Amino acid sequence: MTTLEPATTLPSGGDPQAPLATDNLAALESEAIHIFREVAGEFDRPVILFSGGKDSTLLLHLAIKAFWPAPVPFPLLHVDTGHNFDEVIEFRDRVVERHGLRLVVAKVQDWIDDGRLEERADGMRNPLQTTPLLDTISENKFDAVFGGGRRDEERARAKERIFSLRNSFGQWEPRRQRPELWNLYNGRHRPGEQVRVFPLSNWTEADVWNYIAREKVDLPSIYYAHQREVYLRDGMWLAEGPWGGPRPGEEVRERTVRYRTVGDGSCTGAIESTATTVEDVIAEVSASRLTERGATRADDRMSEAAMEDRKREGYF
């Protein structure tokens, strides 16, 4: 989260494709900044979902650029499962303090403590985020909610418009989504309805990392290779934590790993990796044939329609 001046073209190093890649990033950046400014003009109470992960960090970086030198005119919202990685929460708080931002935190534990939610038998809290999210949106009367979802992540997200209309219960209704011809975004909504906004819709994981490299965006350290004690479950390396594990027969081993995505520690797996720099990560992502959610998120493996089911309930 460092460079706020207009981006410059990096040396191509003799690669004839480098200028094309730079033009692509410039176009994606321009589109995202346009979306932020459109929302600022159309809505009364927008908010940015911010967890400290790479996509939400990129989202905030683009918001800062969109309104620079004025401050970002929206607060941030984090639905905290209580099962987050320490490095990510420390990074989140550091970024908020650095930029003088207002952070609203909805803690899943508060909903469990007062009986509005019940702990799941499998210990996963990612599926429990929907109720705190919807309650907090309603309590604060947020009418536009920015998220870092990308269409390449998962099939349900590929169906999304950039402006995703949600009903008064926060639910996604595919038939009510509006066409977005010529980059025209319709933010019209009735009282109580909301619009989820996805400025990164047209980005890929490779685009995200190439932009992070170009802009020198700071990220939590767990996105890069490090030593961690993990255990293998369903083809994923999971870390020990307050969420429990390992189960009998699951051996804890020290491995050199990194995370492609971060979320609830009970269902977010690491991958074995030696990528310690942005350039190393870009090379690794370019060679991968699995999306980061497909490779490392157990909550998306609960069923083939797991993400779509959660979206219909009000999740992102």
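## How α7 and α8 pack

In this predicted model, helix α7 crosses helix α8 in a left-handed sense. Two packed helices are described by the angle between their axes and the distance between the axes. Here α7 covers residues 205-215 and α8 covers residues 278-287; the angle is about 165°, and the axes lie 10 Å apart. Because angles over 145 degrees count as roughly antiparallel, α7 is roughly antiparallel to α8.

Which residues meet where the two helices touch? From α7 come Glu-205, Ala-206, Trp-209, Asn-210, Ile-212 and Ala-213, while α8 brings Val-278, Val-281, Ile-282 and Val-285. Sorted by class, this contact of α7 with α8 holds eight nonpolar residues, one polar and one charged.

Let's turn to the strands. Strands of a sheet pair through backbone hydrogen bonds, either parallel or antiparallel. The open sheet here runs in the order β8-β7-β9-β10, and its pairing is antiparallel. At the edges stand β8 (236-239) and β10 (271-272); each has a single partner strand, so one side of each has no neighbour in the sheet.

For β8, four bridges join it to strand β7 (residues 226-233) in the antiparallel sense.

## Helix α5 and the residue after it

Which residues of helix α5 (residues 130-140) are buried? They are Thr-130, Pro-132, Leu-133, Leu-134, Thr-136, Ile-137 and Asn-140. Following α5 is Lys-141, which has a positive phi, near 55°.

Technical notes: Residues numbered from 1 in each chain as written. Predicted model: local features only at pLDDT ≥ 70, side-chain atom pairs only at ≥ 80, totals over all residues. Heavy atoms only, no water. Axes fitted to C-alpha atoms, helices over the stretch in contact; angles between N-to-C directions. Parallel < 35°, antiparallel > 145°, perpendicular 65-115°, else oblique. Left-handed = near helix turned anticlockwise from the far one by under 90°. Contact = heavy atoms within 4.5 Å. Nonpolar A, V, L, I, M, F, W, Y, C, P; charged D, E, K, R; others polar. Pairing = 2+ DSSP bridges. Buried < 20%, exposed > 50% of the residue type's maximum accessible area, 1.4 Å probe, protein only.
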